Amino acid sequence: MTVCAFPPTVIMNRYQEQPHLLDPHLEWILNLILDFVRSEDSPPSLVHLGFKFLYIICKVRGYKIFMQLFPHEVSDVQPVLDLLSRQDPTDSETWETRYMLLLWLSMTCLIPFDLYRLDGHLEAEGSKPREPIMDRILAIAKSYLVLSGSPRDAASVLVSKFMTRPDVKQKRLGDFLDWSLTTVSQTNDHSIRDIKVLDGVLQSLAKLFKHGKRDDLLQYAPTVLQCLEKKHLSESSEAMLRKLGVKLIQRLGLTFLKPRLAAWRYQRGSRSLAANLSMSQSAAASAAVTPEVETQEQEEDYDIPEEVETVIEHLLVGLKDKETIVRWSAAKGIGRVTGRLPKELADEVVGSVLDSFSFQETDNAWHGGCLALAELGRRGLLLPSRLTDVVPLIIKSLTYEEKRGACSVGSNVRDAACYVCWSFARAYEPKELEPFVTQIASALLITAVFDRNVNCRRAASAAFQENVGRQGTFPYGIEILTAADYYAVGNLNNCYLNISVYIAGFPEYTKSMIDHLVAMKINHWDGVIRELATKALHNLTPQAPDYMASTVLPQLLTVAVGMDLHSRHGAILACGEVTHALYKILFILLFSFFFLLRGFGGWLMRPAVCGLIEKLSLSKLPFKNDPIIAGWQWVIDDTIQTLHLASSGAKDGIMAISALSAMCNEYYQAQTGQADSQMQGSLKMYIEGLKSAQMLTRCGSALALGCLPRFMIHSKLKQVFEGLQQMCTVSQKEGNFTEARRDAVRSIAQLCAKAGVCAHGSPDSVVCSENVAEVYGVLLSTMSDYTTDSRGDVGAWVREAAMTSLMDLTMLVASSAPEILSPDLVKSMMCCLAQQAAEKIDRYRAHAGTIFLRLLHSTEPAVPHIPHREELLTIFPVETTTSLNWNAPSQAFQYIAQLLGLPEYQYHTLLGLTVSVGGITESTVHFSSQSLFDYLKGIQENTIALEQFGDTLLRILRDNLRNDRVCVPFLKMLNQMLANSCFEIFTTQENHQFCVDLLGLCKEFKRSKDISKLSACVAVFCGLIQFQGEVRKKVLSQLLLLLCHSFPVIRKTTASQMYEMLLTYDDVIDPEVLDDVMTSLSDTNWLSDLNTVRTHRNQLCDWLGVTRPKVVAKVIL
């Protein structure tokens, strides 16, 4: 029998979006499973499993379609009923069986024969007659209606099918409704059990009034409505009960009204997209088929029952419910009931719905109103004469947003308003919506581009697309849709910065988009939206420069000095962006924004003011030697010195650095080309800031030094570099200020790029032969930064910055003065990059590998003195610069492992591979170890190469004995090498020096308290047993010492590893004592106390011929 590789749930879930694809297969699947269910040989577990599979399929396809496939012959009634009667309603493991049986029983109830005919052949059992089938089915339905779980939903379906049978409704309908109303009246919606009962009864009543005939149910409808009014379900705390109450009330309303199509409803003629887009649109519209009079019922004057008014009131209340499911059900009910009302009464209902669009109402009422309008429009019940009232409300709804605390509500209202516009496109002829096209199109595009919620943007895009296709009157609709489709509007930055510019290029939409940004977005509660809005205004300025200068800027300036904090922040940012875009002199606010930095909200305003300074500087305003520059400098310096006081300090620092760079370039260069003297104080302050106790102040000072232009660091380069060098060296030793060290490394490269390179220049002004080694030394030292804290390997930030800085510096020096690059500097740099390219973190490995290849293949300029250049070019041909994916371990390690064959790179490459092979990431460990073993396999016959590799291995261990970051992965890697017989050629020689040295180094780990290190050491000792000579006795001695280690887990691990070792290497001990040793290792409880364990250990020493270790007494002083 073939076993499926995937669970049924996984397979079926693939059809969730298009379940109709299952239709051709449903029947044979159902019949196949029912054969097992019907078989008398099938055990109950198989039956339950079959129904579980049926439920999975039914859940995906929907019960309404799936239940129609159940066999419903007369012969099926009794077996299904009997099987359902035998089920335990309280069994939580088999609820799928009961659910599917109830659906099956619902279908068998459709047989066209009176059920009493099935009772005729049933004989009494003993003295007690059998219960009629009708009563049995009704009893089962009632019992499941009051239980919790999915079978309750299926029981409501059973009731709707069963109670509408002609024979059942005559005998049992009244009794069932009495039972239902009694149950509703007696339950309490504050009890969990009563809530479940209410849920089932209300579901069954709603489905019963949906599927039953009006003539049969009309007499009971007033009583049911009266019961519901007394129950006050709209006040219940349970959303599902409120929804079911609304659903039942709308069904009651439809029962009170005669089923008919309103003759007054609006009917659109042609719905063809091709007709709307064709040139002969008017001809297509005139050829639209008008429904003939004979197919419509003429509107009759008949009395509307008083209960209908009550029904409509409840539905209008439901539109304002706090839960969406209730409002949606109420909206559909409004549409259905209104469709059966006379024109005058229907118009009153529409008016009541429009009353929901009041700013005294909550967002729930607005949302419900939009859903109701969409339903009315979709059904043709919203006449064109009402559009003048409706469209302005929908336009407001498209931008509806109400602030609540730290966030806002209204996204559901905007989404529903898009649904209204979508439904209008399908409901009305183009001539009806033509007067409102500009308003609707502009509002939809504003929502599609500027709404904060991605669902609203996509809904607006879909509604705009529907209108373009159905109406064909939206200006530039096709062109806009190509840029603002469903997927394009998913990215918020793309919407604000790119799509908005394209749409604003069409004059019909330009001003409306700008006005919306100014009125609604620069004062938005979300800072991200405010910033994006200001950038969008910057991008939109070229589309309407006169309007921005004459209208928008005065508005922004007024808001910038207002009382609202968010408005001030957004307005100041917008002023800077618009001013920069206009390249005009902006003389207002130059002296007035300093007071905004004090008091409440000051830290929110600082980045905005720094942004304004940057944009004003880039706009080249003529303020050189003006006192205002001193004020700007104070703002920037004070922001850098107090970054630690801000909640968003890093972001504020970036804004301040950008402002400093722009301002220095524009205003601090004297005519002689020298720096302005007033900047000297700030330069000293930045250097002193590198010693601050605050991390963010150090970051800001380092970045400030890096952004200074060349004329400002002339004759000051040595002083600045020493400050950055000292900060990097001291903080790396102390293991703190990691982010500041990263920024300092970046600044060193920036300083070198701005100062330039001159081989015989002054070390105080340029990078030259005197200071190049010192600069490289600082950057290379930070390549060994492996600082860790609670965030993980934070030193990687520094290493990444160092790699980038090394590349930039090397390319700069190689292009200007390659003669000052010594072979030692290039070798150290390339080896460090090779090490980083072999390590375990994908991102930094990829960064190092990319830089390594760029330096190797660079021709303009070419980097001199790269060790083994020719061999490297063979390993890494030029096409690897684009084809090699360093992020993928499967690709990277097969290349990097080849560097082990190059003597200059072997040590650093192996050091990097150590942490990868001995790591914990499965893919990294697998591919790195595979590449390493492939290399070792290739040198097995080369004794010299293998001994050189062994010496490098010992050197790495010797250099990192106290470095847990390296030594633990090293021991794991070494264990894998020994297990794979990578040093088999050494094992043929007695007391090979490699094993002797390795054993001596590994002895150092015995004193460790680290469990993982000790466990790895045990594994290595067991691997070393394969070496011949006296060294084997020494290895056994170390293992026997560990059998009495103070840590019980180490004793147990050692015993287990020794057991496996003796199974693997059967020549280690005398065969006569092998069984005794193996038995002792496996049967002894090595977790016992040391005195007990020591006895067994000593016995093992005797068997193995090893001198018993002596217990050294502790000397107490």
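Gln-203 sits in helix 11 (residues 192-211); helices here are DSSP runs of H or I with at least four residues, numbered from the N terminus. The model is a predicted one, in which local features need pLDDT of at least 70 and side-chain atom pairs count only at pLDDT 80 or more, while totals for chains, interfaces and linings use all residues. Residues are numbered from 1 along each chain as its sequence is written, and side-chain values use heavy atoms, with hydrogens and water left out.

With a relative accessible area of 10%, Gln-203 is buried; that word means under 20% relative accessible area, with exposed over 50% and partly exposed in between (1.4 Å probe, protein chains only). Its side chain makes a polar contact with the side chain of Ser-156, at 3.5 Å. A polar contact is a pair of N or O atoms within 3.5 Å; within protein, one must be able to donate a hydrogen and the other to accept it, and residues adjacent in sequence count only if both atoms are side-chain atoms. Setting aside neighbours within four places in sequence, Gln-203 is in contact with Arg-152, Asp-153, Ser-156 and Leu-244, where contact means heavy atoms within 4.5 Å.

Arg-152 also turns up in the surroundings of Leu-147, which has contacts with Pro-89 and Arg-152 once neighbours within four places in sequence are left aside. Leu-147 belongs to the loop between helix 7 (133-145) and helix 8 (150-162), and is partly exposed at a relative accessible area of 28%. Between the C-alpha atoms of Leu-147 and Leu-228, which are 81 residues apart along the chain, there is a separation of 21 Å.

Next come two helices. Helix 19 (residues 343-354) has 12 residues that should span 16 Å at 1.5 Å a residue, and its end C-alpha atoms are 17 Å apart, which agrees; the expected span is 1.5 Å times one less than the number of residues. Ala-346, Val-349, Val-350, Gly-351, Val-353 and Leu-354 are buried in helix 19. Their cover includes helix 17 (306-318), helix 18 (324-338), helix 20 (363-378) and helix 21 (387-398). Helix 31 (residues 565-582) runs 26 Å from its first C-alpha to its last over 18 residues, close to the 26 Å expected. Helix 31 is mostly covered, with 16 of its 18 residues buried. At its start, a side-chain oxygen of Asp-564 comes to within 3.4 Å of the backbone nitrogen of His-566.

Now for the aromatic rings. A search of the whole structure turns up 25 aromatic pairs. The rings of Phe-424 and Tyr-428 have centres 5.4 Å apart and planes at 90°, so they form an edge-to-face pair. Rings of Phe, Tyr and Trp (its six-membered ring) pair if their centres lie within 6.5 Å; planes under 30 degrees apart count as stacked, over 60 as edge-to-face and the rest as tilted. Phe-424 is buried at 3% relative accessible area, and Tyr-428 is buried at 1%. Tyr-502 and Phe-506 are also edge-to-face, with ring centres 5.5 Å apart and planes at 85°. Here Tyr-502 is partly exposed at 36%, whereas Phe-506 is buried at 12%. Elsewhere, ring pairs link Phe-852, Phe-876, Trp-886, Tyr-895 and Tyr-905 into a cluster.

Phe-737 has a positive phi of about 55° although it is not a glycine. This residue is in the loop between helix 38 (717-734) and helix 39, and counts as buried at 17% relative accessibility. Thr-738 lies in helix 39 (residues 738-755) and is buried too, at 4%. Not counting residues up to four places away in sequence, Thr-738 touches Thr-787, Val-794, Gly-795, Trp-797 and Val-798.

Finally, the backbone holds a cis peptide bond between Glu-860 and Pro-861, with omega about 5°. Pro-861 is in the loop between helix 43 (842-857) and helix 44 (869-875).
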